[in-house]
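I opened the model today to look up strand pairing and ring contacts. My notes follow.

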Amino acid sequence: MYFRLVLLKRPYTGHLTLSQETAIPMHALRLPCFLHHFRCRATLLLAGWLCLTLHAAAQVEQSVAAMTYELDSADTRALRLEVDNLSFFKDNEFSGTVMKGYSLPGLWVTPKLTYQPLPNLKVEAGVHALIYSGAYKFPNYAYHDIAKWKGSQYQQGAHVLPWFRGQLALKRVNLILGDLYGGTTHRLAAPLYNPEMMLTADPEFGFQLLLDTRPVHLDVWLNWESFIFEGDTHQEEFIVGLSSRLRLNRDSARIHAYVPLQATIQHRGGEQDTAASVQTLANGAVGLGAVLNLRRGFVRNVTAECLLLGYTQQAGNIWPFGSGSALYARVEVGMRHGLKAHAGYFRGNHFISLLGIPYFGAVSTKNEGACYPDHPTTFHLGLDYSRQFGKRYAFGAKVETYCNKAGTIRYADGTEAPTSTTFNTTFGVYLRINPSFLLKKW
């Protein structure tokens, strides 16, 4: 099968670089964007237009790149060939002190064989390949985000990994070993998980438990990011995650209420580790949400959610703050024809996001060692479009802006300087192709 990504402008062909050894993927990217005059013009035009809309917390990636984990009994004793592909083009026109701008033109593809020997047991095996247009050599390391270029240790043509998943379904519980149902399937809030990692990071690998009952959805997982051997010089790293939703009434009620509870904990170091001290960092979120189901008319539903966020550095001294908190509120309007408009507000107090969008945090990924000691505030606006074509094909597009309010930045040497209000715009298009071919059924 042949995949093509056609671009109107040829992207920068240099190597993408970010320290893979940085356990927290804070997107300190080194890939430049389009020409500067294009950046300024596009930012002004899109920011003005977006002020007429609302912004996204349930990102379009969640609609296009969603993974369905329910097993189908009709596939019992069926051997299938599946080719899962996401092609994408994402352009981030960023200014200010928080992040550098960059572009992501590429695709990932996972061809795999699947076999379901029992109605409640499924095995999948294949390979996962990540490709960026214009890149011909890929660093041969685990990708937590965009990997750092390192000498002669690379793969030609694509970043390729083995892929395996074993799944056991027990009534309302699904147990997964190997490659997880990860990424946006966890349904984490934007300050806890950046959906762009679906385009840059390796698939999550480890153990996962999914529980679905009438009042509760629970997703608990362990993602092992870095394994170490005896005498290794880097640290063992893994992430433990929790994402749950307590339903206070039926989903179909005119006003549906729920309580989200989410957490991510990252641990670095182990008994074999000789590189550095043990480090443990955590993010958490709890709040209240409500959905107004209108059912008729152009507007189909309105969702409002408010979260209290927490951060702690239980061990180690990676970041300048030991603990912090934040408030995150969002509104989402679901409309006909696959349109969603969104608005959000973030205000933090020494809150540092481990895996989330850097605009929802108190550190700069553009200036190494810099942080925001006061109360960083971000408004974000946007519009999403997604459409399903059958069960296995989908298209999505989004445009959004982050308004980062003026404040104070503290550099690594301790000096402080004022920052100005900036509008930072991003645009993306996505195409999901996931055909399945029946090879044999016994």
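I began with burial. F360 has 0% relative accessibility, so I logged F360 as buried (buried is under 20% relative accessible area, exposed over 50%, partly exposed in between, with a 1.4 Å probe and protein chains only). Y402, at 4% relative accessibility, also counts as buried.

This is a predicted model: local features need pLDDT of at least 70, side-chain atom pairs count only at pLDDT 80 or more, and totals for chains, interfaces and linings use all residues. Residues are numbered from 1 along each chain as its sequence is written, and side-chain values use heavy atoms, with hydrogens and water left out.

Next, rings. I found 14 aromatic pairs in the structure. Rings of Phe, Tyr and Trp (its six-membered ring) pair if their centres lie within 6.5 Å; planes under 30 degrees apart are stacked, over 60 edge-to-face, the rest tilted. The ring centres of F360 and Y402 are 6.0 Å apart with planes at 70°, so I noted this pair as edge-to-face. It links distant parts of the chain, 42 residues apart: F360 is in the loop between β15 and β16, Y402 in strand β17 (residues 393–404). Strands are DSSP runs (E, at least two residues), numbered from the N terminus. Both residues belong to a cluster linked by ring pairs, along with F94, Y102, Y328, F346, F351 and Y359.

Then I checked the strands. β14 (residues 323–335) pairs with β15 (residues 339–349) in the antiparallel sense over ten bridges; pairing takes at least two DSSP bridges. A329 stands opposite Y345 in β15. The two strands form a hairpin with three residues between them, and H337 in the turn has a positive phi of about 65°.

Key: Helix = DSSP H or I, 4+ residues; strand = E, 2+ residues; numbered from the N terminus.
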